[in-house]
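Subject: Structure handover

Hello,

Here is the structure for you to look at, with my notes below it. Please read the notes with the coordinates open.

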Amino acid sequence: MPKVTLNKKEVLKLVGKALPDDKLADRISMLGTDLEKITKEEIEVEIFPNRPDLLSEQGFARALSSFIGIKKGLATFPTKNSNEKNIVKNTAKEWPYVVTGIIKGLKLSDAKIKEIIQIQEKLGITYLRNRKKGGIGIYPLEKISFPIIFTAENPDTFKFRPLEYPSEITGRQILSKHPTGRKYASICQDWKRFPLFRDAKNKILSMPPIINAHELGKITEHTKDVFVEVTGTDLPTISRAFTMIMTALSEMGGQIYTMDVHYKDKTGKITTPDTKPKKMKIDRNHINKLIGLNLSETELKDCLERMGYGYKKGELSIPCYRGDILHPCDIAEDVAIAYGYDNLKPEIPNVSTLAYENSYERFKERIANLLIGFELVEVKSFHLTNKENQSTKMLTSIPLAELDSCMNTEFNILRAWMIPSVLETLERNKHHEYPQNLFDLGTIFKIDPSQETGILEQERVAILLCGAETNYTDARQILDGLFQALDLTYKVEPTTHPSFIPGRVGRVSAGKTKLAYIGELHPQVLSNFNIEFPTACFELNLSELWEVFSKTL
Amino acid sequence: MNAEDLGKTLHRLERAILPLIPKNPTAEELIIVSGLQEVEVIRALQWLSNKSLLTLTGSKTEQIVLANETAEQIVQNGLPERRLLNALSDQFQPVDTLIQRAKLSNQELNISIGMLKQKAAIEITKTDGLQIKLTDQGKKIKEKEWLEEVFLHSPFPKIESKLTPEEKFGYDLLKKRGLLKIETKKKINVKITPQGKKVAAGLTTTAYEEKLTPEMLKNRTWKGKEFRAFDVSINVPSRPRGKRHFVGGALRYVKQVWLDMGFEEMTGTMVQSSFWNFDALFTAQDHPVRDLQDTFYLKKPNRSKLPNDKLVQDVKTMHETGGKIPSTGWNYAWDPKDAKRTVLRTHTTALSAQTLAKLDIKDLPKKYFSLGKCFRNESLDWSHLFEFYQTDCIVIDENANLRHLLGYLKQFFIKMGFEKVRFRPAHFPYTEPSVEVDVYHPKHKTWIELGGAGVFRPEVVVPLLGKDIPVLAWGLGFPRIISDYYKLNDIRQLYRNDLQQVREMKEWML
């Protein structure tokens with residue numbers, strides 16, 4: 001979620017009321033933004049991704065002001081027609097949509113320009129998914145000649161000077177030479193033609209969604225009127241992003257002018273931005289039932305107006321900058337926010353349901369409790385590990401499930417058995433008292449194409465006994481005790497396993513079900529984990545054991 | 001304790017040593033006088049000192065001593081080269097004869113020949129076997145007593161810092177040959193305290209029994225015997241015991257709380273398809289939480305099977321257009337390929353979605369909980385784990401509302417020991433209204449975020465359950481609560497498996 005830093009004085013001026021810091025902090029939290037901190041000059045908030053309209057000082061102040069009941073009701077944004085045109089032709093199939101408009105009469109300062117860039121950046125990151133769905137451009141109007149053409153061209157032939165770059169380079173070179181180009185190269189590097197804006201004099205404005213041209217695309221504190229565009233993959237998405245940036249600029253004191261965008265395809269001619277509020281029917285009873293309230297028509301209207309809506313007899317007017325309203329339940333949340341989460345009385349309803357603990361979970365719990373009777377200490381290791389521990393050090397080669405793009409390369413494998421994890425624990429505890437008799441009960445992951453995910457998950461309990469005098473008998477005694485507790489018979493047959501000492505390893509089974517290997521670990525395995533005491537162990541398959549055991553119940 | 005009672009608690013060894021101390025104020029003397037073993041005396045002194053009946057002061061000295069048996073033999077028989085020299089004359093003699101006369105081993109002979117040759121003390125010929133004779137220089141050397149010999153013949157042990165230059169010379173030569181070594185000797189000085197004197201004076205000759213034996217019980221010979229009193233206030237070494245891991249204590253309690261509140265347990269796998277982890281929860285396929293840097297996807301195997309066609313189709317329609325309910329959906333082309341990507345569940349909410357899909361509306365109302373590990377692709381540090389426990393609940397009830405959700409959560413946290421709970425607006429893709437849950441930490445005086453909650457969006461519920469019924473849902477993480485309870489500053493300690501910590505950790509007693 002994006003963090004934004006807002007000028008406290010500016011926000012409070014726009015809100016229209018001076019609030020002390022504690023009150024301000026409380027109201028900001030209860031409005032539905034995560035407050036990071038309030039300092040003497042600044043407010044730092046984290047904006048939830050459903051409310052990109054709060055990214056600007058204007059948008060934020062607008063919401064806060066109506067929330068505390070000062071400037072309630074629907075905000076309107078009257079527009080004028082600029083009579084200018086934007087022609088869409090021959091666009092890249094990956095990036096076909098554009099909406100444009102003009103703002104006149106801005107008074108920009110350095111701080112204001114920074115804020116515009118912040119809104120543009122954060123909207124690009126959140127709403128436009130790191131520019132993958134769309135990009136926003138703002139240009140000084142006086143340098144541009146209309147009509148504007150949105151098109152796409154061969155990136156190896158067109159050339160221009162990108163923003164803050166010393167010379168003209170080709171579109172493709174921008175992706176490797178310009179820092180912003182490098183950052184967003186992955187979006188368009190494989191495209192045959194790159195999106196491009198040219199003006200009536202054929203000058204390049206920008207190469208969306210990557211970078212503006214230095215000459216035509218740089219706003220300064222002398223800029224008063226701007227040309228704004230959003231391009232991207234999906235018309236509704238870019239239209240909403242466009243409305244958000246246009247309303248924010250309008251609240252900085254600018255006047256919105258619409259433009260006509262001429263598509264050659266079935267989209268035809270559209271006039272943008274569309275700042276008319278959207279209408280939605282809502283049901284007061286449904287909202288009351290969902291929140292657990294009994295709001296009257298007047299109370300509901302007040303709540304809605306404090307969240308910036310217009311409301312009249314079941315019909316709601318949604319301000320144009322709200323891009324997050326998918327369903328009437330979104331309105332219910334806003335009503336609850338306006339009512340105040342802190343005013344909602346928690347209640348446990350008088351509904352009878354029966355508790356039920358999963359019987360397999362309880363079985364595992366009991367097995368673990370039995371083991372502490374043998375003076376074993378339980379350890380808990382991670383499910384994620386590495387191939388070295390699971391396979392190489394154990395002198396085995398088993399198929400392992402692998403993770404993609406792990407932050408930690410030591411943990412890029414899902415464990416297929418437990419014993420190596422406990423050996424890691426023994427290795428880390430060499431300085432502590434012996435014997436170290438441990439158990440770990442957990443899940444293992446086996447590749448199994450018959451499963452929905454291709455992975456079979458089972459629970460196992462690994463018991464490792466490590467000490468100068470430890471041998472096979474010690475492990476076998478515990479196994480005996482466990483089966484005695486379950487009132488099951490089992491047998492151990494000689495077998496071979498590369499991780500164990502030849503002649504000191506057995507296969508444990510109950511009936512036809514194979515349940516465990518038991519034995520003394522091979523000295524080479526112990527050396528691989530730097531363990532200096534003999535270790536006897538077994539790893540019991542609890543999922544299989546439960547199958548066998550539950551039949552006896 | 002008075003002196004007399006204290007006297008009764010003394011062990012046999014203590015009783016033997018204590019009266020001897022005033023006249024024999026060092027451990028060495030006590031060993032000789034008492035006739036006890038060195039370990040027995042040291043142990044008795046330590047015990048008496050623990051009882052403040054005497055004070056022990058130690059001093060360390062470094063002494064030069066003979067290194068081994070060879071060295072001891074040399075002190076008796078002389079250095080091998082001296083023995084060879086003594087056996088030689090100014091006539092060539094065969095080696096065999098010399099070995100016999102000087103009682104040398106072959107090795108000693110070789111060393112001796114080497115040393116004497118170096119000093120030009122001997123002459124060797126090989127004309128008729130190996131033969132050796134003394135030179136004039138050799139005669140002169142033979143007459144003197146060498147510095148090494150002087151050193152060996154003077155009394156041991158010696159202190160290195162107190163050697164004269166001549167002694168030092170001899171010492172260096174002998175040390176190089178491995179005949180001498182430095183030994184650190186601890187000297188223990190013992191001083192009896194006034195209390196010790198009193199106790200010593202009050203010691204009776206009664207023979208206290210150390211142990212009640214099976215024989216005494218069988219033969220009833222315990223009658224009329226007195227047993228040595230124990231100092232019952234002393235510390236004893238810890239005794240090994242079996243123990244569950246401390247994290248489990250908290251988890252079992254959480255489970256108990258939900259059971260007490262009438263919830264039913266749901267379980268399921270950690271590896272899931274993206275369909276269950278994201279799509280069924282109305283998380284758009286381009287939502288940032290689905291990025292590689294946040295979520296663990298599997299590389300091998302990497303494709304899951306999707307559930308039945310109808311459900312997949314319903315979820316797809318919901319994402320794309322909102323289906324038959326008054327929703328706009330996310331307005332994009334939903335791709336089954338993305339839904340098939342196999343993932344390590346990022347939340348146990350995936351299980352809630354599966355439970356809803358299996359549920360029969362006729363069985364409502366229902367309440368479920370799950371408790372299990374979740375995974376996030378994060379680097380490990382003091383406050384972040386890539387594996388962590390989460391508990392998820394759903395309440396499915398035609399009449400459920402947001403205030404009920406707050407009621408369950410508040411009750412849960414009261415049972416977890418947090419009196420003050422705060423609810424704030426939040427945003428999650430699959431709930432609306434959404435709630436962020438904070439609890440007030442009375443010691444740290446701060447609010448801690450513990451999880452997210454909300455009412456599942458109709459876009460989630462309708463495809464899974466077939467009808468728009470309120471489903472209250474919450475997912476709470478509690479590594480923070482656990483580490484706090486066990487006073488751990490670093491969350492990684494939860495799974496470090498340091499055995500001392502695991503063995504000594506207090507139990508979860510809530």
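In chain B, the centres of domain 2 and domain 3, taken over C-alpha atoms, are separated by 87 Å. Please keep in mind that the model is a predicted one.

Chain B as a whole

The division of chain B gives domain 1 (3-54 + 185-214), domain 2 (69-182) and domain 3 (248-504). Along the principal axes, the C-alpha atoms of chain B fill a box of roughly 125 × 80 × 50 Å. Chain B contains 22 helices and 16 strands. Its radius of gyration is 43 Å, whereas the globule rule gives 24 Å for 510 residues, so chain B is more spread out than a compact globule. Of those 510 residues, 50% count as buried.

A sheet in chain B

An open sheet in chain B is made of 3 strands in the order 5-1-6, with antiparallel pairing. Strand 5 (158-159) and strand 6 (180-192) stand at the edges with a single partner strand each, so one side of each has no neighbour in the sheet. Strand 1 (residues 54-66) of chain B is joined to strand 5 of chain B by 2 bridges, and the two run antiparallel. Within strand 5 of chain B, Ile159(B) is the residue that stands opposite Gln63(B).

A nonpolar surface patch

Which residues of chain B form a nonpolar patch on the surface? They are Leu212(B), Leu217(B), Trp222(B) and Phe227(B), and together they have about 370 Å² of accessible area. Trp222(B) sits in the loop that runs between helix 13 (214-219) and helix 14 (246-260) of chain B.

Chain A: domains and a hairpin

Chain A is divided into domain 1 (3-67), domain 2 (79-272), domain 3 (278-342) and domain 4 (359-550). The C-alpha centres of domain 2 of chain A and domain 3 of chain A are 35 Å apart.

Strand 18 (residues 315-318) of chain A pairs with strand 16 (residues 278-281) of chain A through 4 bridges, in antiparallel fashion. Strand 18 of chain A also pairs with strand 17 (residues 310-312) of chain A, again antiparallel, over 3 bridges. Ser317(A) in strand 18 is the bridge partner of Lys279(A), and Ser317(A) is also the bridge partner of Gly310(A). Strand 17 of chain A and strand 18 of chain A form a hairpin with 2 residues between the strands, where Lys313(A) takes a positive phi near 45°.

Salt bridges

Over all chains, the structure holds 62 salt bridges.

Lys93(A) and Glu94(A) form a salt bridge whose closest N and O atoms are 3.5 Å apart. Lys93(A) is exposed, at a relative accessible area of 73%, while Glu94(A) is partly exposed at 25%.

The salt bridge between Asp330(A) and Arg457(B) has its closest N and O atoms 2.8 Å apart. Asp330(A) lies in helix 10 (residues 328-339) of chain A and Arg457(B) lies in the loop between strand 15 (446-456) and helix 20 (458-465) of chain B, so this pair joins two chains. Are these two residues buried or exposed? Asp330(A) counts as buried at 2% relative accessibility, and Arg457(B) counts as buried at 3%.

Glu532(A) forms a salt bridge with Lys430(A), where the closest N and O atoms are 3.6 Å apart. Glu532(A) is in the loop between helix 15 (523-528) and strand 28 (535-541) of chain A, and Lys430(A) is in the loop between helix 13 (419-428) and strand 23 (436-447) of chain A, so the pair ties together parts that are 102 residues apart in sequence. Glu532(A) counts as exposed, at 63% relative accessibility, and Lys430(A) counts as partly exposed, at 33%.

Finally, Asp34(A), Arg422(B), Arg424(B), Asp438(B) and Glu449(B) are joined into one network by salt bridges that share partners.

Regards

Terms used. Residues numbered from 1 in each chain as written. Chains lettered and ligands numbered in written order. Predicted model: local features only at pLDDT ≥ 70, side-chain atom pairs only at ≥ 80, totals over all residues. Heavy atoms only, no water. Domains from an automatic or database assignment. Patch = residues over 30% accessible without salt bridge, like charges linked within 9 Å, V, L, I, M, F, W, Y side chains within 5 Å. Areas by Shrake-Rupley, 256 points an atom, 1.4 Å probe, with all protein chains shown as cover. Salt bridge = Lys/Arg side-chain N within 4 Å of Asp/Glu carboxyl O. Pairing = 2+ DSSP bridges. Rg over C-alpha atoms; globule rule 2.2 N^0.38 Å. Buried < 20%, exposed > 50% of the residue type's maximum accessible area, 1.4 Å probe, protein only.
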